[in-house]
Amino acid sequence: MASSIVNVPCNVQAIKGLDCQNYIGLRPSRNLKFNCVKTGTTARPPRLLVVRASEKIDGPVKKMGLSDAECEAAVVAGNVPEAPPVPRKPAAPVGTPVVPSLPLNRRPRRNRKSPVLRAAFQETQLSPANFVYPLFIHEGEEDTPIGAMPGCYRLGWRHGLVEEVGKARDVGVNSVVLFPKVPDALKSSAGDEAYNDNGLVPRAIRLLKDKYPDLVIYTDVALDPYSSDGHDGIVREDGVIMNDETVHQLCKQAVSQARAGADVVSPSDMMDGRIGAIREALDAEGFQHVSIMSYTAKYASSFYGPFREALDSNPRFGDKKTYQMNPANYREALVETHEDESEGADILLVKPGLPYLDIIRLLRDNSSLPIAAYQVSGEYSMIKAGGVLKMIDEEKVMMESLMCLRRAGADIILTYFALQAAKCLCGEKR
Ligand code: PBG
């Protein structure tokens, strides 16, 4: 849904709340009456606030003096009423060179000259409905700050997680993606904990769905948080990441997440053929309605550093270059796009975000599917650090980076700024 944010001065504060996905700027009128109606039944608490406007004319229209005909006759007779004079030309500062004006018949600045015109011609809109909020969870009761990601926490799945999701929903962010910090003792070389129906992620999904049935839950499908090797797949003794065996595990993981109530499973592992295999596994278990968001173009990037610290999931040896893509490659993203499309992906994701805007645009122009961008941990931390050091304006750079991801062609953005940015869009101060 394309919705816009009223960002020009207006007399009535943007009415927000509603379903928190629409923001409507309303101009006051003497004749309009607003009735706020809370909806809901006894079984379900009221959530929607419906605003109705009705025309009401109180009494006859007041007479101002002369009739229309008398006014027209006066003007025709040459008695033109007074209006403010033609404004004088503003003076240029002393010393401004006097030059003939350039013979331009197109001056693009004309369409940028006032906030109202700029708002009217704005091509890209940003809304909390576009955000997916990545959340780190752990078994603990407390929320633990993540050193490399100021403002982010490993949330206790029973309390902190539920509260954080509640806050996000309050400002219109109703989609989350979960990343678990798994106890070392549960990690193994085949990552079998990934499909434990009573593991951390399935438990958290069940709790969230119980509390917020309309929340959209995305999950990460990959073995790295569960792998004693810190790799996204099973590692052979010679260091090779085993493709088809890993896909077998990923199918079980995706089905287990779907069983718990996940809405969108998101394979981030970059194994070949996993989208088709997962689609088949989900369908075979009756999860035809569960979507797949494929990490289509996921690059072997150093921007993931803070994330790996958050989950303690650094590869124990080597790197991820045999499965994640080479940052130097562009055309290869099309190969992955065609594969994922034909295997049945519902959403295609590009990761990281800002350094890969060309790839987002490439996918946007070559697929009709929705495109997602992941503004990853390193991008987040750089903006935070620059803000703390007062080198940049954190809030403005945050909003600009998100807008640019949308402009490049992303429909949705996975971003650790989801809550902070949505608060800004809703006009709340931090
Ligand atoms: C793991 C996964 C990673 C991220 C999301 N899923 C890390 C990796 O591939 O090493 C990174 C997210 C971020 O940096 O914010 N499958």
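Ser 377 is buried, its relative accessible area being 0%, where buried stands for a relative accessible area under 20%, exposed for one over 50% and partly exposed for anything in between, with a 1.4 Å probe and protein chains only. The structure is a predicted model, in which local features need pLDDT of at least 70 and side-chain atom pairs count only at pLDDT 80 or more, whereas totals for chains, interfaces and linings use all residues. Residues are numbered from 1 along each chain as its sequence is written, and side-chain values use heavy atoms, with hydrogens and water left out.

Ser 377 belongs to helix H10, where helices (H or I, at least four residues) and strands (E, at least two) are DSSP runs numbered from the N terminus. When residues up to four places away in sequence are not counted, Ser 377 touches Met 149, Phe 303, Tyr 304, Gly 305, Pro 306, Phe 307 and Tyr 416, a contact being defined by heavy atoms within 4.5 Å. For the chain as a whole, the secondary structure comes to twelve helices and 14 strands, and 44% of the 430 residues count as buried. Among the contacts with a separation of 6 or more, 71% are made by residues 24 or more positions apart.

Helix H11 comprises 15 residues, 394–408, and at 1.5 Å a residue it should span 21 Å, which agrees with the 21 Å between its end C-alpha atoms; the expected span is 1.5 Å times one less than the number of residues. At the start of H11, a side-chain oxygen of Asp 393 comes to within 3.2 Å of the backbone nitrogen of Glu 395. The buried residues of this helix include Met 398, Met 399, Leu 402 and Leu 405, and the buried residues of H11 pack against strand E3 (131–138), helix H9 (357–366), strand E13 (371–375), helix H10 (377–388), strand E14 (412–415) and helix H12 (418–425). Just after H11, Gly 409 adopts a positive phi of about 130°.

Helices H4 (residues 200–211) and H5 (residues 243–260) pack with their axes 8 Å apart and at an angle of about 25°, the axes being lines fitted to C-alpha atoms over the stretch in contact and the angles running from 0 to 180 degrees between N-to-C directions. This angle makes H4 roughly parallel to H5, a description that applies under 35 degrees, while angles over 145 count as roughly antiparallel, 65 to 115 as roughly perpendicular and the rest as oblique. Where the two helices meet, Val 201, Pro 202, Ile 205 and Arg 206 of H4 are in contact with Ser 256, Gln 257 and Ala 260 of H5.

Most residues other than glycine have a negative phi, and most peptide bonds are trans. Met 270, although not a glycine, has a positive phi of about 70°; this residue is placed in the loop between strand E10 (264–267) and helix H6 (274–284), and with a relative accessible area of 3% it is buried. Lys 390, in the loop between H10 and H11, likewise has a positive phi, near 60°, but Lys 390 counts as exposed at 74% relative accessibility. The peptide bond from Lys 351 to Pro 352 is cis, with omega near -5°, and Pro 352 is located in the loop between strand E12 (347–351) and H9.

How values were computed
Polar contact = N/O pair within 3.5 Å; in protein donor to acceptor, adjacent residues only side chain to side chain.
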